[in-house]
Amino acid sequence: MPPQIPYIIANEGCERFSFYGMRNILTVFLMTSLLLAIPEPLRKGEAKEVFHTFVIGVYFFPLLGGWLSDRFFGKYNTIFWLSLVYCAGHACLAIFEDNLRGFYFGLFLIALGSGGIKPLVSSFIGDQFDKSNRTLAQKVFDAFYWIINFGSFFASLLMPIFLDRFGASVAFGIPGALMFLATLIFWSGRRKYTHVPAGQSHRDPHGFLKVVRTALLAQAPGQGRGGLIVAGLGVVLAIGALALTPNLGFVIAFCSALVLVMGFGGIGAWMQLERARAVHPAEAVEGVRQVLRLLVLFALVTPFWSLFDQKASTWVLQADQMAKPEWFKSSMMQALNPALVMILIPFNNLVLYPLLARLGLKVTALRRMGAGIAFAGLAWIVVGGLQLWIDGGHAVDITWQVLPYALLTLGEVLVSATGLEFAYSQAPLAMKGVITSFWNLSVTIGNLWVLLANSSVKGAAVTAYIQSTGTSVTAFQMFFFAGFALLAALLFALYARGYRMQDNYRG
């Protein structure tokens, strides 16, 4: 085991405490303090929109962090300097607890810092291994994910209490202190790390984007340019999405435009990829083909994140409607998620996976991820049933939320912990940071689906249809997201059957 790993693991534990410490009290703080000027019937929707917009930013900025790392500064330098930005964001939350613009600027800095380092820390761990000891890498990624939840557990348990007893400055200031400690720990191991230098992909004439451009623009005798037409259609639709900014808001419109450009551009490049062989070597073309296959898998994981991240918004708001002791705060229920993760990761590795192997069932990374998406769908069927119970006027005890939390957490362990190592191992050597950024971008798109769903139910026609079903808007959305995830799990399983695994660790 590389001796520098404890520095990265300890850094991640402190950083995750800082992130989840502020994230898990954000919805409650918005509802009870910062958004009090908004009429109460509209406040819940506004708080959810602010929360998921923030999460979108957190998982969008990995694209920037991965690009800066791979092209210019390398992983270590990018992580260190963005960590300082991250610390500044926490300071803004503590200072501007009563100032809307100052508080939102702090959220922006945290999204930039946290998002920018998110793909790099996990891929930095992968850089510490090579083919000689890669069998230890999945264990370290599991430990990495375990420490994430160790930090999250204590943050989820303690920060709601601190917010209630000591106020927002202390509740947001403590996570800031932990983030500064995380940065200090990471800096102290700087002479021990394996530093993979920034790539030269921008100078590579056979880089990913250059091969894609060649494929889209190249002409073949006797053949049309269907791929270019498809890519152009994506651009037109993206412009249309941006034109809807006044109605949808900038975040929804911009993210929708990004998804349309990437989706249609990728399909168009795939349709004409063979044409690039006339200009680029076979290994470059096949590398692009592998990345495009990988992005399809990432796209099919996005519904999971739609469901997972709503445990900090929709599920907290449901908990407000449930019976519970006076001392128990609704957001404290989220501590159950990391506690279960810390139990399930060692249980799966020491008991479940070996048992399944003895029964002759090979538990591959893709099988884990497909099953995890399905478990998330089952969790939302249960939580939707609880909502129907609440809507019927029954006093529902908050302990009933333990069952959906357990199902969702099992799904999280199967998808997220597995996906970290999967994304790293499948990424070409020159694109580790960027591909891991695309893995994080799947979370952004997942939260985009949430914002689009929330916007759609504001329309009169949709509201009338929901009312005709006899269910509340909240319950209807819960069952909609459950079906969304189960459909995605089926498509993921079908697509994964033809996917060819790669081993892209250093020699």
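For this tour, Ala, Val, Leu, Ile, Met, Phe, Trp, Tyr, Cys and Pro count as nonpolar, Asp, Glu, Lys and Arg as charged, and the others, Gly among them, as polar. You're looking at a predicted model, where local features need pLDDT of at least 70, side-chain atom pairs count only at pLDDT 80 or more, and totals for chains, interfaces and linings use all residues. Residues are numbered from 1 along each chain as its sequence is written, and side-chain values use heavy atoms, with hydrogens and water left out.

**Stop 1: the cavities**

Two cavities of 30 Å³ or more turn up in this structure. On a 1 Å grid over the protein atoms alone, a cavity is a set of points where a 1.4 Å probe fits but cannot get out; a pocket is an open set with protein on both sides within 12 Å along at least five of seven lines, and lining residues have an atom within 4 Å of a point. Grid points are joined across faces, edges and corners, and a volume is the space filled by probe spheres set on the points.

Select Arg16, Tyr59, Lys118, Ile148 and Asn440: of the 25 residues lining the largest cavity, these lie nearest its centre. The space there comes to about 320 Å³. Helix α4 gives the most to this lining, with six residues. By class, the lining holds 13 nonpolar, five polar and seven charged residues.

Now pick Asp142, Ile345, Asn348, Asn349, Tyr353, Arg368, Val413, Ala417 and Thr418, which line the second largest cavity, a space of about 50 Å³. Helix α13 supplies the largest share of that lining, four residues. Four of the lining residues are nonpolar, three polar and two charged.

**Stop 2**

Next, show Thr53, Phe54, Gly57, Phe108 and Val251, the closest to the centre among the 15 residues that line the second largest pocket. About 490 Å³ of space lies in this pocket. Helix α2 makes the largest lining contribution, six residues.

**Stop 2: the core**

Phe54 comes up again here: along with Phe172, Val301, Ile373, Trp380, Phe422 and Phe492, Phe54 has the most contacts inside the largest nonpolar core, which has 132 residues. Helix α11 (residues 282–308) gives the most to this core, with 14 residues. A nonpolar core is a set of buried Ala, Val, Leu, Ile, Met, Phe, Trp, Tyr and Cys residues joined through side-chain atoms within 4.5 Å. Buried means under 20% relative accessible area, exposed over 50%, and partly exposed in between (1.4 Å probe, protein chains only).

Click on Trp380: beyond neighbours within four places in sequence, Trp380 is in contact (heavy atoms within 4.5 Å) with Leu307, Gln310, Thr314, Trp315, Leu408, Met478, Phe481 and Ala482.

**Stop 3: helix α18**

Helices (H or I, at least four residues) and strands (E, at least two) are DSSP runs, numbered from the N terminus. The end C-alpha atoms of α18 are 34 Å apart, which agrees with the 34 Å that 24 residues should span at 1.5 Å a residue; the expected span is 1.5 Å times one less than the number of residues.

**Stop 4: two single residues**

Ser18 sits in helix α1 (residues 5–34). Is Ser18 buried or exposed? Ser18 counts as buried because its relative accessibility is 0%. Its contacts, not counting residues up to four places away in sequence, are Tyr86, His90, Pro175, Leu178 and Met179.

Finish at Leu317 in helix α12 (residues 314–320), which counts as buried at 7% relative accessibility. Leaving aside neighbours within four places in sequence, Leu317 is in contact with Thr27, Met31, Lys44 and Lys48.
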